[in-house]
Amino acid sequence: MGEPGNPGPSRNYALWLVLGIPAATVVAGIWTIVAISSESGVDADPDPVRRTAQVQVVSIEADQAAATRGLSARVEIDGGGALVRLGQSTGPVAPRLQLIHPIESSLDRQIELAPHPQGWRANEPVAARHGWQLRLVAADGSWRVVGRYHPGDTTVELVPSVAAP
């Protein structure tokens with residue numbers, strides 16, 4: 001017990017709880033408001049998104065075009081980059097390989113592809129210690145196939161995100 005005039009250690013802890021919990025709640029509330037009001041917020045999808053009330057609407061026309069055409073691709077990952085093999089020819093213009101981080105949009109990357117006898121070659125590393133959403137997108141944005149990279153994968157299959165009509 002404390003001496004007369006000294007409230008003792010248990011009363012000090014109670015005082016900190018009485019003052020600390022409301023203060024922590026105020027700080028957490030302010031942080032939440034700042035996080036949701038920022039431009040990128042916590043969006044994991046880099047596509048333009050139209051926000052209507054509580055619903056986010058994104059176009060799936062590129063996915064539908066890939067499904068209609070029966071497009072698919074395989075990304076073979078090695079230490080120096082990746083080889084992208086398309087299931088069918090899409091023309092002479094190189095598609096874009098996008099690496100989308102599932103949480104932090106500042107880590108998203110887009111890799112230029114160069115022609116290769118077996119498809120398209122990415123000369124930048126794809127392998128990482130975290131997962132990626134891989135997206136292969138036509139240069140004009142007319143089609144898109146997607147897949148998921150997990151650390152350690154050497155092959156990722158890319159397919160349309162919607163079924164063929």
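1. Of the contacts in the protein with a separation of 6 or more, 55% come from residues 24 or more positions apart (contact means heavy atoms within 4.5 Å). A word on the source: this is a predicted model, where local features need pLDDT of at least 70, side-chain atom pairs count only at pLDDT 80 or more, and totals for chains, interfaces and linings use all residues. Residues are numbered from 1 along each chain as its sequence is written, and side-chain values use heavy atoms, with hydrogens and water left out.

2. You'll find two helices and 11 strands here (DSSP runs numbered from the N terminus: helices are H or I with at least four residues, strands E with at least two). Along the sequence the pattern reads α-β-β-α-β-β-β-β-β-β-β-β-β.

3. Have a look at the open sheet of four strands, in the order 6-5-9-10 with antiparallel pairing (two strands pair if DSSP finds at least two bridges between them). Strand 6 (109-111) and strand 10 (144-149) are the edges; each has a single partner strand, so one side of each has no neighbour in the sheet.

4. Strand 9 (residues 132-137) and strand 10 run antiparallel and are joined by six bridges. Val-137, for instance, has Arg-144 in strand 10 as its bridge partner.

5. As for burial, 25% of the 165 residues count as buried (buried is under 20% relative accessible area, exposed over 50%, partly exposed in between, with a 1.4 Å probe and protein chains only). Leu-19, in helix 1 (residues 9-37), counts as exposed because its relative accessibility is 53%.
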